[in-house]
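Let's take a walk through a protein structure together. Have the sequence and the 3D view at hand, and follow along one piece at a time.

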Number of protein chains: 2
Amino acid sequence: MVVELISVGTELLLGNIVNTNAQYLAQKCAELGLSVYYQSCVGDNAKRLEDTIRLALSRSDVVILGGGLGPTEDDITKETAAAVFETELKEDAHTRQRIEAYFEKNKEIPENNWKQAQVPAGAKVLDNDNGTAPGLIMEKGEKTLILLPGPPNELIPMFQESVIPYLKGRCSDAIVSAMIKSCGIGESKVAAMLNDIIEEQTNPTIATYAKTGEVDIRVTASAPTEKEAKKLVRPVVEKIKSRLKDAVFTTEEDVTLEEEVVRLLNKYELTLATAESCTGGLLGGRLVNVPGVSDVYKAGFITYSNKAKRKYLDVSKNTLKKYGAVSKETAKEMAKGGVFQTDADICIAVTGLAGPGGATKEKPVGLVYIACYIGDKVQVKEYHFKGNRNKIREQTVVRALDTVRRCILDKYHETARK
Amino acid sequence: MVVELISVGTELLLGNIVNTNAQYLAQKCAELGLSVYYQSCVGDNAKRLEDTIRLALSRSDVVILGGGLGPTEDDITKETAAAVFETELKEDAHTRQRIEAYFEKNKEIPENNWKQAQVPAGAKVLDNDNGTAPGLIMEKGEKTLILLPGPPNELIPMFQESVIPYLKGRCSDAIVSAMIKSCGIGESKVAAMLNDIIEEQTNPTIATYAKTGEVDIRVTASAPTEKEAKKLVRPVVEKIKSRLKDAVFTTEEDVTLEEEVVRLLNKYELTLATAESCTGGLLGGRLVNVPGVSDVYKAGFITYSNKAKRKYLDVSKNTLKKYGAVSKETAKEMAKGGVFQTDADICIAVTGLAGPGGATKEKPVGLVYIACYIGDKVQVKEYHFKGNRNKIREQTVVRALDTVRRCILDKYHETARK
C-alpha cells in the first residue's frame with residue numbers, strides 16, 4: 001500500500017513553522033510497513049490544493065492530509081476533498097454534540113465553529129479529544145483520503161488512536177515492531193556492527209535512527225498474525241542486543257535516557273548531584289524532564305566561571321592554574337566537590353570547550369571532560385565532539401547521562417559478582 | 001517570481017529527520033519577497049525525481065532542490081536535473097581543485113568523490129566551504145534550477161552567500177527587510193496591537209513569527225533602489241516599536257534574548273546568579289549559549305528538591321511548610337538566597353508546577369513564580385503557562401530572561417530620571 005502526505009497551510013510555505021507533522025506521519029508509516037514516495041506542502045488555495053490532491057490520488061492508494069480543517073473561511077481542506085470525491089457536506093449530529101460539549105467549559109461557541117460539524121456524506125468521522133475539528137476518512141473505489149487537523153497536539157493523538165488501527169485493518173498482514181535504543185556508539189559504527197544482520201533480513205526490516213548522541217534501531221516484521229510477526233521480531237532483537245551489549249539502554253518505546261538513569265537511581269536507592277561548566281545547566285534540565293526526579297536529584301551547580309568552581313565545588317586554585325578549567329584534573333575535583341557539597345552518592349561533572357572562541361593547539365573546540373564520582377572512586381574520560389557550540393553541548397549532556405548509567409551498572413554488576 | 005522547493009532524500013520520506021531546510025528556504029524566500037506555492041519531498045529515485053522536477057518547472061520560475069548531491073551512486077539530483085535540461089555533465093577544473101584542497105587535510109580522497117567535480121555544461125558553480133559537493137545554478141529559457149547540498153551546515157551558508165545575491169540580482173527591485181523581536185506579549189495580542197498597521201500596508205509587508213515566549217516581526221519593502229526600500233521600512237519599524245514599547249528587546253537580526261540580557265549585564269557592569277527549581281538548569285543553559293558569559297554569570301543553583309532550596313538558597317523551613325515550594329514567598333527567598341550565596345548583583349529565581357502530576361485546585365499545572373532580586377529589592381510575579389511539561393518550562397525560561405532584562409532597564413531608567 002502506497003501512502004502520500006500533503007501538508008496544508010500558508011504558515012509552512014512562508015517558513016513560519018517547521019513541518020514536524022510530516023516527519024511524524026512518515027515515521028509512523030514506515031513503522032507500519034507502508035511506502036511513502038512523495039510528501040508535499042500547499043497553501044489554503046482551492047485550485048492548487050485540488051490539483052495536489054488529484055495528483056496524489058493518481059499515484060498513491062492513501063493520501064493523508066494535515067491542516068486546513070479550522071473554523072475560518074481560509075480552511076478549505078474538507079471542502080476541496082469533498083469536491084474531488086464529488087460528495088456533499090452534511091451536518092454530523094455527533095460532531096455537533098461534541099463541539100457543544102467542548103465549548104461548554106469555555107461558555108461561548110463562535111458561530112463559525114458549526115462549520116466543523118459539516119462532514120462529507122459517507123465519511124468516517126474521527127473524534128478530536130484536543131480540539132473541535134473532527135478527522136475524516138473518505139473512501140472512493142480503491143482510493144482513500146484521510147483528513148487530520150494541523151496542530152500536532154491534535155494530529156498526533158488522533159493518528160495514534162484512530163488512524164493506525166484503520167491502516168492496520170486495511171493491511172492484510174499484522175505488523176509488529178520493536179525498538180532498541182543505544183547510546184555511546186556512533187551511527188556509522190552501529191550500522192557496521194549490524195550490517196550483516198541488516199543485509200540478510202527482509203522480514204523483519206531493520207532501520208537505524210540517529211539522534212544527538214543516541215542511535216535507535218527499529219525492527220519491523222509483518223506476518224499473517226500478530227503472534228507470528230512477534231516471533232519473527234524477537235530473535236532479531238536479541239541478536240542486536242547481544243551485539244551492542246551495554247550500549248543498549250532500553251527496549252521500551254517511550255523510555256528516554258534520562259528516565260532510564262532515574263530508574264536506576266531509584267532501583268539502587270542512589271542520589272545524584274550535577275556539576276556543570278560548558279553545559280551550563282542543560283544536564284540538570286534533562287534530568288528534570290523526569291517527573292518526580294526530586295527524590296534522587298539532590299542538587300546541581302552551574303559553575304561556568306573559575307571562581308564558582310572554586311567556591312561551590314572546592315576545585316583548588318592550583319589545579320585551575322596548572323591544568324586549566326578544561327582538564328581531567330578539574331573535572332575530577334568538580335565531581336568530588338559536588339559529592340562533598342551535597343552528600344549525594346554520585347556526582348557527574350562536565351567541563352569543556354564548546355567554542356567558538358577559546359581554543360588552543362592543545363585544547364581544541366569540542367574537547368570535553370566528563371567525570372563521575374561514585375562509591376569513593378572518580379573516573380574521568382576525554383571526548384572530542386564535533387559541531388557548533390550547541391551540538392557540542394548536547395552531545396556532552398547525552399554522554400554525561402550515559403556515564404551515570406554505565407557507572408551504576410558497573411558498580412552493581414561487580415558487587416553482584418563478588 | 002514564483003519559487004518552488006524540492007527536498008530530495010529517502011531519510012525525509014522515512015521520517016528519520018525533520019525537514020528544517022524547507023523551513024529555512026521558505027523563510028528566506030518570503031524575506032526576499034518571492035512567492036512559494038508548493039514544496040515537495042521525493043526520494044533518490046530517477047523517475048519520481050524527474051517527474052517532480054518537470055512538474056515544478058511547469059508551474060514555477062525557479063526551482064530550488066536540496067539534497068542528493070553526495071558522492072554515492074544513490075545521489076542523482078545533478079544527473080536528473082541535467083537530463084531534464086538536456087545538458088551533458090563535464091568536469092569542472094575549479095571544483096576538482098577545491099575537492100583536492102578539501103581532502104588535503106584529511107589525506108585520502110575516496111574515488112567516488114570525483115563524481116562531485118562533474119557539473120552540467122553551462123551551469124554556474126557555487127563553492128561549498130563546508131563540504132565537497134558544489135552547488136549549481138542552471139538556467140534554460142525562462143526557467144532556473146538551483147541545486148544545493150542537503151546537510152543544513154552546507155546548504156545554509158551556500159544559500160546565504162551565493163544564492164541570495166543571485167536571486168536579488170534576478171529581481172528588478174531591491175528588497176530590504178528589518179526585524180523587530182519582542183518578548184512578554186502573546187502573538188494574538190501583538191497582532192491585535194499592530195492590526196491597523198498590518199492592514200494598511202502593502203509595501204512594506206509585515207509578518208509576525210511566534211516562537212516560545214517571543215514574537216518576531218519582519219518588515220519587508222521592495223523599491224527600485226535599496227535606499228528607497230530602506231526609506232519605506234524605517235517609519236514602519238519606528239511605528240511598531242512605539243506601539244510595543246519595552247516589549248521590543250532588539251531590532252538586530254541575529255541577537256537572541258539571552259545575548260541582549262548579557263549585553264545589558266556587561267553594559268551596567270552587573271553580575272547575575274540563577275536559582276532554578278522547575279526549569280532544572282535550562283535557564284542557566286540558555287545563558288551559557290552566549291560565549292564569554294562567565295564574566296557576568298556568577299553561578300547557578302539547581303534546587304529541585306525542598307532540601308536543596310533550604311541548604312543552598314537558605315529558604316526557610318517555615319516558608320516551605322506554610323506556603324509550599326511553588327509560592328511567591330519561596331521564589332522571593334530563593335532569589336535573596338542566590339544573591340547572598342554568590343554576592344551577585346542580581347539573582348533570578350523560578351519555581352513552578354510543570355506537571356503532569358502534583359496539581360491541586362489552588363495550584364494548577366502551569367503555575368510559575370519568577371522572582372528577581374536587584375539592588376536590595378525583590379519583585380515576584382505569578383504566571384499561568386499552558387502546554388505540556390516541556391512547553392511550560394520553555395516559557396518559564398524565556399520569561400525569566402525577560403524579567404532580568406526589564407528589571408535592569410527599570411533600575412537604570414529610574415536612576416537616569418532622578
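In what order do the strands of the open sheet of 10 strands stand? The order is E17(A)-E16(A)-E15(A)-E13(A)-E14(A)-E14(B)-E13(B)-E15(B)-E16(B)-E17(B), and the pairing is mixed. Strands pair here if DSSP finds at least two bridges between them; strands (E, at least two residues) and helices (H or I, at least four) are DSSP runs, numbered from the N terminus. At the edges stand strand E17 (377-384) of chain A and strand E17 (377-384) of chain B, each with a single partner strand, so one side of each has no neighbour in the sheet. On average, neighbouring strands are turned by 10° against each other, direction ignored.

Before going further, a word on the source: this is a predicted model, where local features need pLDDT of at least 70 and side-chain atom pairs count only at pLDDT 80 or more, while totals for chains, interfaces and linings use all residues. Residues are numbered from 1 along each chain as its sequence is written, chains are lettered from A and ligands numbered from 1 in the order in which they are written, and side-chain values use heavy atoms, leaving out hydrogens and water.

Strand E14 (residues 297-302) of chain A pairs with strand E14 (residues 297-302) of chain B in the antiparallel sense, over three bridges. Ile302(A) has Gly300(B) as its bridge partner, and Gly300(A) stands opposite Ile302(B). Helix H13 (residues 328-342) of chain A lies across E13, E14, E15, E16 and E17 of chain A, running at about 145° to E15(A). Such angles run from 0 to 180 degrees between N-to-C directions, using axes fitted to C-alpha atoms, for helices over the stretch in contact.

Another open sheet has 12 strands, in the order E6(A)-E7(A)-E8(A)-E3(A)-E1(A)-E2(A)-E2(B)-E1(B)-E3(B)-E8(B)-E7(B)-E6(B), with mixed pairing. Its edge strands are E6 (124-126) of chain A and E6 (124-126) of chain B. Helix H2 (residues 20-31) of chain B lies across E1, E2, E3 and E8 of chain B, at about 170° to E1(B).

How many residues of each chain are in contact? The count is 60 residues of chain A with 60 residues of chain B, where contact means heavy atoms within 4.5 Å. Between the chains there are zero salt bridges (a side-chain nitrogen of Lys or Arg within 4 Å of a carboxyl oxygen of Asp or Glu). On the side of chain A that touches chain B, strand E2 (residues 35-42) of chain A gives the largest share, seven residues.
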